[in-house]
Amino acid sequence: MRSESIEQIFLGSILLVYSATQLTVEINFRNILTALYFVACGAAVLGGLSLFSSSFLFFTQGAFTPINFISELREYTKYPIEIFGKGLQFVFTWLIPIGYVSYYPSIFFLRNQSNICLYSGLVALTSLLLGYVVFNIGLRFYEGVSA
């Protein structure tokens with residue numbers, strides 16, 4: 001494990017403990033399981049998006065890849081979606097669903113909006129399936145490095 005990862009885990013743990021003492025979110029078994037569910041869904045969304053964008057390398061001979069684009073979009077998970085216009089809110093919710101990585105889970109706990117649990121699982125599953133389908137289609141176009 002890289003030292004950067006250890007630092008992020010350490011800092012994240014401190015922030016989690018501090019936030020838990022300052023917010024009115026109840027810490028109980030149900031909320032802990034729900035948080036773990038959201039972590040798994042967020043990882044699945046990012047994994048599906050990464051697989052989807054990486055699969056485009058099968059279709060191209062050059063260096064074009066949307067991988068950097070997807071990586072840059074991860075930066076937007078730090079901000080609430082409400083600060084963006086309606087068009088970007090739609091994109092970040094349904095087309096490139098990075099809102100399900102951090103924004104919607106936080107809304108669940110802070111504003112008690114429970115319907116997002118269902119959508120998070122569906123969006124995560126859809127992201128993974130879309131990435132898997134595009135990957136398998138890309139395998140048919142793969143020509144290898146040697147000619």
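These are my notebook entries on a predicted model of one chain.

I number residues from 1 along each chain as its sequence is written. Since the model is predicted, I take local features only at pLDDT of at least 70 and side-chain atom pairs only at pLDDT 80 or more, while totals for chains, interfaces and linings use all residues, and side-chain values use heavy atoms, with hydrogens and water left out.

**Entry 1: overall fold**

I looked up the secondary structure and found six helices and zero strands. Helices (H or I, at least four residues) and strands (E, at least two) are DSSP runs, numbered from the N terminus. The order along the sequence is α-α-α-α-α-α. I computed the span of the C-alpha trace along its principal axes as about 60 × 40 × 30 Å.

I then took the surface totals. The chain exposes about 10,300 Å², with 67% of that supplied by carbon and sulfur atoms; accessible areas come from the Shrake-Rupley method with a 1.4 Å probe, and for residues only the protein chains shown count as cover. Of the 147 residues, 27% are buried. Here buried means under 20% relative accessible area, exposed over 50%, and partly exposed in between (1.4 Å probe, protein chains only).

Residues 24 or more positions apart account for 60% of them.

**Entry 2: helix α5**

I listed the buried residues of α5 as Tyr103, Tyr104, Pro105, Ile107 and Phe108. They pack against α2, α4 and α6. Just after α5, I noted that Asn112 has a positive phi of about 55°.

**Entry 3: aromatic pairs**

I searched the whole structure for aromatic pairs and got nine. Rings of Phe, Tyr and Trp (its six-membered ring) pair if their centres lie within 6.5 Å; planes under 30 degrees apart count as stacked, over 60 as edge-to-face and the rest as tilted.

One of the pairs is Phe38 with Phe108, which is edge-to-face because the ring centres are 5.4 Å apart and the planes are at 65°. This pair links distant parts of the chain, with Phe38 in helix α2 (residues 29-55) and Phe108 in helix α5 (residues 103-111), 70 residues apart. I checked burial, and both Phe38 and Phe108 are buried.

I also looked at Tyr103 and Tyr104, whose ring centres lie 5.0 Å apart with planes at 65°, so this pair is edge-to-face. Both Tyr103 and Tyr104 are buried.

I looked up Thr34, which is in helix α2. Thr34 has a relative accessible area of 11%, so it is buried. I found its side chain 2.7 Å from the backbone oxygen of Arg30, a polar contact (a pair of N or O atoms within 3.5 Å; within protein, one must be able to donate a hydrogen and the other to accept it, and residues adjacent in sequence count only if both atoms are side-chain atoms). Apart from neighbours within four places in sequence, Thr34 is in contact with Phe108, Phe109 and Cys117.

Leu33 is also in helix α2, and at 44% relative accessibility I class Leu33 as partly exposed. I took its C-alpha to C-alpha distance to Leu129 as 24 Å, for a sequence separation of 96 residues.

**Entry 4: salt bridges**

I counted two salt bridges, each being a side-chain nitrogen of Lys or Arg within 4 Å of a carboxyl oxygen of Asp or Glu.

In one, Glu75 and Lys78 bring their closest N and O atoms to 2.8 Å. Glu75 is partly exposed at 39% relative accessible area, whereas Lys78 is exposed at 57%.

Arg111 and Glu82 form a salt bridge through their side chains at 2.8 Å, N to O. Arg111 lies in helix α5 and Glu82 in the loop between α3 (67-73) and α4, so this pair ties together parts 29 residues apart in sequence. I class Arg111 as partly exposed at 44% and Glu82 as partly exposed at 43%.

**Entry 5: nonpolar surface patch**

I found a nonpolar patch on the surface made of Phe90, Trp94, Leu95, Leu118, Tyr119 and Leu122, with about 650 Å² of accessible area together. Patches are made of residues with over 30% relative accessible area and no salt bridge: like charges are joined within 9 Å, nonpolar side chains (Val, Leu, Ile, Met, Phe, Trp, Tyr) within 5 Å. The elements giving two or more residues to this patch are α4 (86-95) and α6 (116-141). I looked up Phe90 in helix α4; at 47% relative accessibility, Phe90 is partly exposed.

Note on methods:
Contact means heavy atoms within 4.5 Å.
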